[in-house]
Amino acid sequence: MIDSTFIIGSALCPLKNPSQNLYNCVGSIFTENERFEQTIQTIESIDKYCPNNIKYLFDCSPNYPPQNYFHLLEEKNVNVLYVGNNPKLITNTLLGNKSAAESIGFYLFLDWYKKNHIKTKRIYKISGRYKLNSDFKENDDIFKDSFVFLSSSNSHLCKENQIEMGVDKFYSTRLFHMDYNCLDLFYSKLPSIIDDCEKYIFMNSEHSYYKHLHEFKVVEVEKIGVEGFVSPTNVFVKE
């Protein structure tokens, strides 16, 4: 059996003009070529640190990316699924609600994944703007039957917002992973995560992941082994 499925969330061709939405920002400071190069670095880091893998990329771009992008990704043994034409995803993208849009894209991908009965030991979700580093740990007995996230953080939102959305902590979602046997549970929670992100304009998926998953078997780690530049701030993070 293949050890790992890596699912890369991507928007290779984001909207050009960022909104000034207080809580969300449509678009990216990175050009399409820069985002594609970041995605290539993501792929190469996966092959370096976890070579026995199968890779998938779901792309949420509101405009269909250049065909040569997908051809180049396929040459890197990446299976690509374009989901950016989904009407609900498009609506959230145009509203600047990135968390809802990506969560919808992720749900569409997992629906396809489950229907095709693909199975590996673990499933990883990574953003296409980031790459694995030497802190990445593939095998650890404590990961068995668990979700694995970077240690949770206290919410930066005001107390009133925390009370309204029913959560005061969040998980970073640049990289997280789970045992295959956690997939059905995670898939069942994604609609609630999407609903949260659509209902509360100030709530991102990171808060909703904590809200809906922390009560189950979760391993929180001090370093999960990922790094990259945050869009749109261009701040470098290493987790």
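## Cysteines without disulfides

The structure holds zero disulfides, a disulfide being a pair of cysteine sulfur atoms within 2.5 Å. In general terms, such a link is a covalent bond between the sulfur atoms of two cysteines. Cys158 is in no disulfide, and the nearest cysteine sulfur, that of Cys197, is 17 Å away. Cys158 is partly exposed, with a relative accessible area of 38%. To read that word: buried means under 20% relative accessible area, exposed means over 50%, and partly exposed lies in between, using a 1.4 Å probe and protein chains only.

Cys182 is buried, at a relative accessible area of 7%.

## How to read this model

This is a predicted model, in which local features need pLDDT of at least 70 and side-chain atom pairs count only at pLDDT 80 or more, while totals for chains, interfaces and linings use all residues. Residues are numbered from 1 along each chain as its sequence is written, and side-chain values use heavy atoms, with hydrogens and water left out.

How many salt bridges does a search of the whole structure find? There are 11 of them, each being a side-chain nitrogen of Lys or Arg within 4 Å of a carboxyl oxygen of Asp or Glu. One of them joins the side chains of Lys121 and Asp3, at 3.3 Å from N to O. This pair links distant parts of the chain, 118 residues apart: Lys121 sits in the loop between α4 (98–115) and β4 (122–127), and Asp3 in the segment before β1 (4–10). The labels come from DSSP runs numbered from the N terminus, with helices (H or I) of at least four residues and strands (E) of at least two. Lys121 is partly exposed, with a relative accessible area of 48%.

Another salt bridge pairs Asp184 with Lys114, whose closest N and O atoms are 2.4 Å apart. Asp184 lies in helix α6 (residues 183–199) and Lys114 in helix α4, so the bridge ties together parts that are 70 residues apart in sequence. Asp184 counts as exposed at 52% relative accessibility, whereas Lys114 is partly exposed at 26%. Now look for Arg122 and Asp179, whose side chains meet in a salt bridge at 2.3 Å, N to O. Here strand β4 holds Arg122 and strand β9 (residues 175–179) holds Asp179, so parts 57 residues apart in sequence are tied together. Are the two partners buried or exposed? Arg122 is buried, with a relative accessible area of 7%, and Asp179 is buried too, with 11%.

## The second largest pocket

The second largest pocket has a volume of about 220 Å³. Pockets are found on a 1 Å grid over the protein atoms alone: a pocket is an open set of points with protein on both sides within 12 Å along at least five of seven lines, and lining residues have an atom within 4 Å of a point. Grid points are joined across faces, edges and corners, and the volume is the space filled by probe spheres set on the points.

Which residues line this pocket? Among them are Asp3, Lys121, Arg122 and Asp179, along with Tyr124, Glu138 and Phe143. By class, the lining has two nonpolar, two polar and seven charged residues. In this scheme Ala, Val, Leu, Ile, Met, Phe, Trp, Tyr, Cys and Pro count as nonpolar, Asp, Glu, Lys and Arg as charged, and the others, Gly among them, as polar.

## Polar side chains at work

Asn53 is in strand β2 (residues 53–59) and is buried, with a relative accessible area of 13%. The side chain of Asn53 reaches the backbone oxygen of Cys50 at 2.7 Å. A polar contact of 3.0 Å also joins the side chains of Asn53 and Lys55. Such a contact is a pair of N or O atoms within 3.5 Å; within protein, one must be able to donate a hydrogen and the other to accept it, and residues adjacent in sequence count only if both atoms are side-chain atoms.

Gln162 is found in helix α5 (residues 159–165) and is buried, at 12% relative accessible area. A polar atom of the Gln162 side chain lies 2.7 Å from the backbone oxygen of Leu157.

Terms used: 1 Å grid on protein atoms, 1.4 Å probe; cavity = no way out; pocket = protein on both sides within 12 Å on 5 of 7 lines; lining within 4 Å.
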